[in-house]
Amino acid sequence: MKEDDITNEHVQVLIIGSGPAGYTAAIYAARAGLKPVLYTGAEPGGQLTITTDVENYPGYPEGVTGPQMMVEFQKQAERFDTDVRYGVVTDVDFSGWPHEVTIDGKKKMKADAVIISTGASAKWLGLADETRLNGQGVSACAVCDGFFFKGQDVAVVGAGDTAAEEASYLSKLANKVYMIVRRDEMRASKIMQQRVFNAKNIEILWNTETEGLIGENQVEGVAIVNNKTGEKRVLNTTGFFVAIGHKPNTEIFESVLDLDESGYIITKPGTSKTQIDGVFATGDAQDRIYRQAVTAAGSGCMGALDAERFLAQKEVELAEVTQ
Ligand code: NDP
């Protein structure tokens, strides 16, 4: 019988999610002898599997593709006997201890510690061209992909802090940055707006929306329309950065954990601890600011170390009760 079919399964550490945070948590927990079980979620490998080249992850001097990097993360976790399973955690019950989770709406299992690494997803405009040219000029991460557009013209959609930050970052690399803003004002904080206004090579296109992208296999232009005048034009850009926000994948924790107004899990500062003992949150599911593979991995390590300490403490408490 496959282990996944065992009923009444009870594990020490259950990790939810298979991005850099989840696999790093698995590597640390497994090496600590905690025999972690990791459920990959619906998108095994997470956001990196839809990225092309990763050049800012230390240890890869020649760069690596996102999918390849995630294969290597998985291999490293499995080398120490992490039990990686394909499945989606669909429900959790953190009201007692051990904690209880439901996999794929049917299998229930118990876990002494749960490490949440469910990540976040970039929001997209919903254009067919975005999907068609994703990774071929379309990106949702300037820090990841901006370098590939050195000296070229690019466009950024959005008007919040993320868009302002992405546009400022890109302005240092690209020849010209167009910011496509759908209203006549920006939502970004004053200081971030000022940074955008001060950059000589950023042009803000107010009241502007994207109609589509030009290019067969690579972005060659962006078709835009002014929503006040109806005037249409094409921007000759090779990069199209969508920066209209991220959505943390935390729906199943809505009624059980403290989330901020955008849905990110709130952790105790400097730790991965949630308000529930034995439940830890790592990676983009709790990080609205940095959202990098390397910071997610670091936070996954914190989750495993916090879980290990929690389990050691529990063992001491249980030993005292039975004495
Ligand atoms: P926000 O939700 O703040 O902003 C999203 C932006 O995208 C808005 O300007 C919105 O326009 C625009 N937008 C949304 N949908 C569309 C669409 N379909 N077409 C065109 N434009 C669209 O998200 P952010 O990611 O910018 O920020 C999220 C949070 O993270 C904020 O609280 C922010 O302050 C914080 N943050 C902080 C940073 C920092 O401190 N360094 C860096 C990055 C984020 P509209 O305004 O018209 O609604």
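The views below come from a predicted model, in which local features need pLDDT of at least 70 and side-chain atom pairs count only at pLDDT 80 or more, while totals for chains, interfaces and linings use all residues. Residues are numbered from 1 along each chain as its sequence is written, and side-chain values use heavy atoms, with hydrogens and water left out.

**View 1. Glu 100 and Lys 110 form a salt bridge.** The closest N and O atoms of this pair are 3.4 Å apart. A salt bridge is a side-chain nitrogen of Lys or Arg within 4 Å of a carboxyl oxygen of Asp or Glu. Glu 100 belongs to strand E7 (residues 99-103) and Lys 110 to strand E8 (residues 107-116), so the bridge ties together parts that are ten residues apart in sequence. Strands (E, at least two residues) and helices (H or I, at least four) are DSSP runs, numbered from the N terminus.

**View 2. Arg 288 forms salt bridges with Asp 260 and Glu 261.** Between Arg 288 and Asp 260, the N to O distance is 2.8 Å. Arg 288 sits in the loop between strand E19 (279-281) and helix H7 (293-322), and Asp 260 in the loop between strand E18 (246-248) and E19, so this pair ties together parts that are 28 residues apart in sequence. For Arg 288 and Glu 261, the closest N and O atoms are 3.6 Å apart. Glu 261 also lies in the loop between E18 and E19, so its bridge to Arg 288 ties together parts that are 27 residues apart in sequence. As for accessibility, Asp 260 is buried at 17%, Arg 288 is partly exposed at 35%, and Glu 261 is exposed at 72%.

**View 3. Salt bridges link Glu 9, Asp 83, Arg 85 and Lys 107 in a network.** How many salt bridges are there by this rule? The count comes to eleven.

**View 4. Helices H5 and H6 pack together.** H5 covers residues 161-171 and H6 covers residues 190-198; their axes are 9 Å apart and meet at an angle of about 30°. That makes H5 roughly parallel to H6. Axes are lines fitted to C-alpha atoms, for helices over the stretch in contact, and angles run from 0 to 180 degrees between N-to-C directions. Angles under 35 degrees count as roughly parallel, over 145 as roughly antiparallel, 65 to 115 as roughly perpendicular and the rest as oblique. On the H5 side, the contact is made by Asp 161, Ala 164, Glu 165 and Ser 168, and on the H6 side by Met 192, Arg 195 and Val 196. Contact means heavy atoms within 4.5 Å.

**View 5. H5 has several buried residues.** Ala 163, Ala 164, Glu 166, Ala 167, Ser 168, Leu 170 and Ser 171 are buried in this helix. The buried residues of H5 pack against helix H4 (142-145), H6, and the strands E11 (153-157), E12 (176-180), E13 (202-205) and E17 (239-242).

**View 6. Ser 139 is buried in strand E10 (residues 138-139).** Its relative accessible area is 4%. Leaving aside residues up to four places away in sequence, Ser 139 touches Trp 124, Asp 145, Phe 240, Phe 241 and Val 242.

View 7. Most residues other than glycine have a negative phi, and most peptide bonds are trans. Trp 97 and Pro 98 are joined by a cis peptide bond, with omega about 0°. Pro 98 is found in the loop between strand E6 (89-93) and E7. Asn 207, which is not glycine, has a positive phi near 50°. Its place is the loop between E13 and strand E14 (208-214), where Asn 207 is buried at 13% relative accessible area. Arg 291 is not a glycine either, yet its phi is positive, at about 50°. This residue lies in the loop between E19 and H7.

Key. Buried means under 20% relative accessible area, exposed over 50%, partly exposed in between (1.4 Å probe, protein chains only).
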